[in-house]
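Q: Could you take me through this structure one feature at a time, giving the general idea before the particular case?

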Amino acid sequence: MKVHSLEKIYLALCAVLIVLGVIAIGASVFSHGVHLVGPSGSVNAAGIAKQAPFDQLGLKQTGDGQYEMTMLGQMWQWNPIKQQEPLTVPAGSTITFKATSSDVIHGLMVRGTNINAMIIPGQITELTYTFDKPGEYLIVCHEYCGAFHQEMYGKLVVS
Ligand code: CUA
């Protein structure tokens, strides 16, 4: 089979681009600490409010500049976040979000951070982020979960 010389150049360019793409993905994964979120435990979706850590929802300080936010995705709110009462932490705080769902799949995203994961019934998802920049961070559900999906939001104020 005769391969035209222009086709050979095109194939070589494709091979180079594939190799560069793989290198770029690998470099960004290692330099930015990108990783897939794995389950960090499971809970029985029935009677979830009686099982640790979801028997005590909310923002708790666990150390100097360390916080834990335990929350439950429920149609249609991030329990116990109230839209009119933002969570507040000082700049430089590290928050570990522990979340699960009591009904359907939700999506937890904190705008402007890499907090972004599906929240699956029965599975505990844990994500940690250090909020160095003061400002307002929107907490949203980014997985369509029914009629009032757009109401699943709250605010975090880093001061
Ligand atoms: Cu929960 Cu959309």
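**Reading strands, burial and surface**

A: In strand β11, threonine 88 has valine 157 as its bridge partner. This is a predicted model, in which local features need pLDDT of at least 70 and side-chain atom pairs count only at pLDDT 80 or more, while totals for chains, interfaces and linings use all residues. Residues are numbered from 1 along each chain as its sequence is written, and side-chain values use heavy atoms, with hydrogens and water left out.

Q: Which strand pairs with β5, and in which sense do the two run, parallel or antiparallel?
A: Strands of a sheet pair through backbone hydrogen bonds, either parallel or antiparallel. Here strands are DSSP runs of E with at least two residues, helices are runs of H or I with at least four, and both are numbered from the N terminus; two strands pair if DSSP finds at least two bridges between them. β5 and β11 (residues 153-158) run parallel and are joined by three bridges, with leucine 87 opposite leucine 156. On β10 (residues 135-141), tyrosine 137 also has leucine 156 of β11 as its bridge partner, and β10 pairs with β11 in the antiparallel sense over six bridges.

Q: In what order do the five strands of the open sheet lie?
A: The order is β5-β11-β10-β7-β8, with mixed pairing. Because β5 (87-89) and β8 (116-119) stand at the edges with a single partner strand each, one side of each is left without a neighbour in the sheet. From one strand to the next the twist averages 20°, where axes are lines fitted to C-alpha atoms, for helices over the stretch in contact, and angles run from 0 to 180 degrees between N-to-C directions.

Q: How many residues of strand β6 are buried?
A: Buried means under 20% relative accessible area, exposed over 50%, and partly exposed in between (1.4 Å probe, protein chains only). Nine of the nine residues of β6 (residues 93-101) are buried, so this strand is largely enclosed by the rest of the structure. Both of its faces are covered, with Ile95 and Ala99 among the buried residues on one side and Thr94 and Lys98 among those on the other. β3 (residues 66-74) pairs with β6 in the parallel sense over eight bridges, whereas β9 (residues 123-131) is joined to β6 by seven bridges and runs antiparallel. Alanine 99 is the bridge partner of methionine 71, and isoleucine 95 stands opposite tyrosine 129 in β9.

Q: Is valine 16 buried, partly exposed or exposed?
A: Valine 16, which lies in helix α1 (residues 5-32), counts as partly exposed because its relative accessibility is 45%.
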